[in-house]
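Reader: I would like a close look at one part of this structure. Please take me through the residues packed inside.

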Amino acid sequence: MHFSKGNIEEFDVIIVGASFAGLSVASGLKGNILLIDRCNIGDCQISACGAPVDVVKEIGCEDSVLQASNIFSFHVNKKKIDFCLERPYCTFDFRKFCQIFASKTNAIFTKANVARVEKYDKFIVHTKDRKFNSKILVDASGWEASAVNSLKTDYVHSDMLSFGIETEAPYMATAFHFFYEPDFLKDGISWIFPCGEFSRFGVASYTGRRKLKEKLDSFLERYNLRCGKIHGGSFCYSFKEPVVEDIFVVGCAQGQTLPLTGEGIRRSIFYGVRLSAIIQRILTNEISFEKGVSEYTRLALNCSREYNFLFKFQERFLKMSKNRLEILARILSNRLIFRILERKYRSI
Ligand SMILES: Cc1cc2nc3c(=O)[nH]c(=O)nc-3n(C[C@H](O)[C@H](O)[C@H](O)COP(=O)(O)OP(=O)(O)OC[C@H]3O[C@@H](n4cnc5c(N)ncnc54)[C@H](O)[C@@H]3O)c2cc1C
């Protein structure tokens, strides 16, 4: 139950954004929790929704899984190089995933666009026609970092965004396919992710180029397919402060989507769940707010070295010749080498 004081509705915690990161934070919280998103839960898919099977299972969303595979096929220089994963990946149905996940939270959901945030002894979150306040505010609003951005306008680095679009088409695949073809797409990659009787076909630009529809059309034409409904968006590859103006920032808002691979779901869930546990301890006075801030900051910055490595690799990757990339991919696809790499990567 929440209370109204004047025309302000009061909560213990407000979470802006009800996608991977926001739902993960909400999932472990008890009390008066408000989850705000401009879209209904599960309505606004941006992603290809590929994630490790065990991550989806751990949070109890396995009923949303569409297809799993432990083969990643990398296409370069007209060759296909297979990488065999120790722990399989899956695609899932975004709407179903979010709805299952949301059903596990006690949070109250409100569909509204957060227009601005003010900070006094509490935060006041303004939407078009309502105001909410809380002592704890979480920004899980994706690359826009909407809550933080209204108090710190230079938080979002709009020159450090990747952009991608995808569609589903009737095509059956057994592996996850990634294509690096600079003659076709000079600053990005394309992919095919299997989803049962359909596959997700996508193209993304590391430099944030948004005019990709023609590329997606020609990618599909290779398989005699036509473009259906498109989804997609930006994701951010600048790793930023995890707590700003006392607002906890999580998921893509903090830059937790990894450079090079663009993988962000696993990390949004990982950090969201851990942030949730920290906030719950603040709510029950087990730790002070300041201790919670320092614990989360330490946790979220823990892998900045690996993040920087991937960031540099992303920059180099675009400059590498197809031949060199093919040689590198062949070396890395060696079962033993790849197993070590996969474990290291999964620890980020
Ligand atoms: C084309 C594409 C394909 C991708 N494929 C994969 C993949 O297969 N696997 C993977 O791991 N990652 C993938 N990613 C990256 C992944 O989508 C992100 O890392 C992930 O979505 C981040 O989750 P998040 O919860 O932090 O933010 P988001 O998923 O971006 O969610 C932010 C939420 O906040 C809401 N919001 C934003 N501003 C406001 C506001 N002012 N008021 C109210 N609500 C607001 C939005 O509506 C949204 O629901 C892909 C990205 C793209 C663009």
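Author: Here is a walk through the core, one of its serines and the ligand shell.

This is a predicted model, where local features need pLDDT of at least 70, side-chain atom pairs count only at pLDDT 80 or more, and totals for chains, interfaces and linings use all residues. Residues are numbered from 1 along each chain as its sequence is written.

The largest nonpolar core has 88 residues. Such a core is a set of buried Ala, Val, Leu, Ile, Met, Phe, Trp, Tyr and Cys residues joined through C-beta atoms within 7 Å. Buried means 20 or more other C-beta atoms within 10 Å of a residue's own, with C-beta atoms placed from the backbone. I14, I15, V138 and V250 touch the most other members. Helix α6 (residues 265-283) gives the largest share, nine residues. Helices (H or I, at least four residues) and strands (E, at least two) are DSSP runs, numbered from the N terminus.

Now take I14. Its contacts include L34, F123 and S134, leaving out residues up to four places away in sequence. Contact means C-beta atoms, placed from the backbone, within 7 Å.

S134 sits in strand β10 (residues 131-139). It counts as buried because it has 21 C-beta neighbours inside 10 Å. S134 and L34 are 100 residues apart along the chain, and their C-alpha atoms are separated by 9.2 Å.

Last, the ligand. Around it are 43 residues, of which G17, S19, G142, G251 and G264 come nearest. Here a residue counts if its C-beta atom, placed from the backbone, lies within 6 Å.

Terms used:
Buried ≥ 20, exposed ≤ 12 C-beta atoms within 10 Å, placed from the backbone. Contact = placed C-beta atoms within 7 Å.
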